[in-house]
Amino acid sequence: MLLKIVYLLVCRILGLAVLTVRRDQSKEAELLVLRHENAVLRRHAGRVRYGPADRVWFAALARLIPRRRWAEIFPVTPATLLAWHRRLAASKYDMSNSRKPGRPQTAPGIARLVVRLSKENPLWGYRRYAELCITSGP
């Protein structure tokens, strides 16, 4: 499996190197798209499902080909290519995995201060507030 991934990566890097050396980048990118499409079709029988790596590859190559030719070249609609590109760009700024659910804990110093103030000033109001800070504190 690892050897296959390395082989595919080297092939794609060499393909991109060929694109940068030659003058007609659009024509070479088109050939790479068609070769990749053939490789995907050989891997799957029946309905074709493009994986994340395939979508990234097509979205990257779409930038090298004029948009008016996308419908003729790519196996998906131009709207699908744009949606893949938008999703790829949005994932760069997606911070949902770094967020933790629930309310953050009260800092220990603040909890001690609230408890002390509520004990020193019982007429300020809600007595249970100090009890909540004691239970949710460190």
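## Largest pocket

Helix 1 (2–21) and helix 2 (25–43) each supply at least two residues of the lining of the largest pocket. Helix 1 gives the most, with six residues. This is a predicted model. The space in the largest pocket comes to about 310 Å³.

The lining can be read off by residue. It includes Lys-4, Tyr-7, Leu-8, Cys-11, Arg-12 and Gly-15. Leu-32, Arg-35, His-36, Ala-39, Arg-43 and Trp-57 line the pocket as well. By class, the lining residues divide into six nonpolar, two polar and four charged. Lys-4, Arg-12, Arg-35 and Arg-43 are the charged ones.

## Overall fold

The chain has seven helices and zero strands. From the N terminus on, the order of elements is α-α-α-α-α-α-α. The chain has 138 residues, of which 22% count as buried.

## Nonpolar surface patch

Four residues form a nonpolar patch on the surface: Leu-2, Val-6, Val-10 and Leu-14. Together they have about 380 Å² of accessible area.

Leu-2 belongs to helix 1. Its relative accessibility is 65%, so Leu-2 counts as exposed. The cut-off for that class is over 50%.

## Salt bridge

The structure holds one salt bridge. Glu-120 forms it with Arg-116. The closest N and O atoms are 3.2 Å apart.

Both partners lie in helix 6 (residues 108–120). They are separated by about one helical turn, because they are four residues apart in that helix. Glu-120 counts as partly exposed because its relative accessibility is 48%. Arg-116 is partly exposed too, with a relative accessible area of 46%. For this class, the value must lie between the buried limit, under 20%, and the exposed limit, over 50%.

Val-48 sits in the loop between helix 2 and helix 3 (52–62). At 24% relative accessibility, Val-48 counts as partly exposed.

Conventions. Residues numbered from 1 in each chain as written. Predicted model: local features only at pLDDT ≥ 70, side-chain atom pairs only at ≥ 80, totals over all residues. Heavy atoms only, no water. 1 Å grid on protein atoms, 1.4 Å probe; cavity = no way out; pocket = protein on both sides within 12 Å on 5 of 7 lines; lining within 4 Å. Points joined across faces, edges and corners; volume = space filled by probe spheres on them. Patch = residues over 30% accessible without salt bridge, like charges linked within 9 Å, V, L, I, M, F, W, Y side chains within 5 Å. Areas by Shrake-Rupley, 256 points an atom, 1.4 Å probe, with all protein chains shown as cover. Salt bridge = Lys/Arg side-chain N within 4 Å of Asp/Glu carboxyl O. Buried < 20%, exposed > 50% of the residue type's maximum accessible area, 1.4 Å probe, protein only.
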